[in-house]
Amino acid sequence: LESYHDHRIAMSLSVAALGAEGESTIHGVECTHKTYPTFAQDLQKLGANIKVESWISSYLELKGVGKPL
């Protein structure tokens with residue numbers, strides 16, 4: 001899934017992916033840091049099974065299995 005480096009899209013896709021079947025990959029989630037720097041960590045604290053992977057310094061992906069833990 002592509003966020004197009006829009007923090008609103010990245011966060012919306014992240015929440016929508018929680019209800020999806022299988023694994024979801026959201027590209028360009030680094031944009032969430034400007035408005036909500038702890039977004040991924042807060043989702044994890046709430047039980048979301050996600051991880052942030054850094055492939056290169058300016059490219060991050062948010063990966064997760066559809067259902068929360």
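A salt bridge is a side-chain nitrogen of Lys or Arg within 4 Å of a carboxyl oxygen of Asp or Glu. The exercises below use a predicted model, in which local features need pLDDT of at least 70, side-chain atom pairs count only at pLDDT 80 or more, and totals for chains, interfaces and linings use all residues. Residues are numbered from 1 along each chain as its sequence is written, and side-chain values use heavy atoms, with hydrogens and water left out.

**Exercise 1. Salt bridge**

Task: find which residue forms a salt bridge with arginine 8, and classify both partners by exposure.

Solution. 
- Step 1. A search of the whole structure returns one salt bridge.
- Step 2. The partner of arginine 8 is aspartate 6, with the closest N and O atoms 2.8 Å apart.
- Step 3. Buried means under 20% relative accessible area, exposed over 50%, and partly exposed in between (1.4 Å probe, protein chains only).
- Step 4. Arginine 8 has 54% relative accessibility, so this residue is exposed. Aspartate 6 has 18%, so this one is buried.
- Remark. Side chains of opposite charge can pair when their charged atoms come close.

**Exercise 2. Fold and confidence**

Solution. 
- Step 1. Helices (H or I, at least four residues) and strands (E, at least two) are DSSP runs, numbered from the N terminus.
- Step 2. pLDDT is the predictor's confidence in each residue, from 0 to 100. The chain average is 80, and 77% of the residues score at least 70.

**Exercise 3. Core and aromatic pair**

Task: list the residues of the largest nonpolar core and describe the geometry of the aromatic pair of tyrosine 36 and phenylalanine 39.

Solution. 
- Step 1. A nonpolar core is a set of buried Ala, Val, Leu, Ile, Met, Phe, Trp, Tyr and Cys residues joined through side-chain atoms within 4.5 Å.
- Step 2. Seven residues make up the largest such core: Met11, Leu18, Phe39, Ala40, Leu43, Ala48 and Ile50. Helix H2 (residues 39-45) gives the most to this core, three residues.
- Step 3. Rings of Phe, Tyr and Trp (its six-membered ring) pair if their centres lie within 6.5 Å; planes under 30 degrees apart count as stacked, over 60 as edge-to-face and the rest as tilted.
- Step 4. The structure holds one aromatic pair. Tyrosine 36 and phenylalanine 39 are 5.4 Å apart centre to centre with 70 degrees between the planes, an edge-to-face arrangement.
- Step 5. Phenylalanine 39 has a relative accessible area of 8% and is therefore buried, while tyrosine 36, at 32%, is partly exposed.

**Exercise 4. Pairs separated in sequence**

Solution. 
- Step 1. Alanine 17 lies in helix H1 (residues 7-17) and is buried at 12% relative accessibility.
- Step 2. Lysine 34 sits in the loop between strand S1 (23-27) and H2 and is exposed at 62%.
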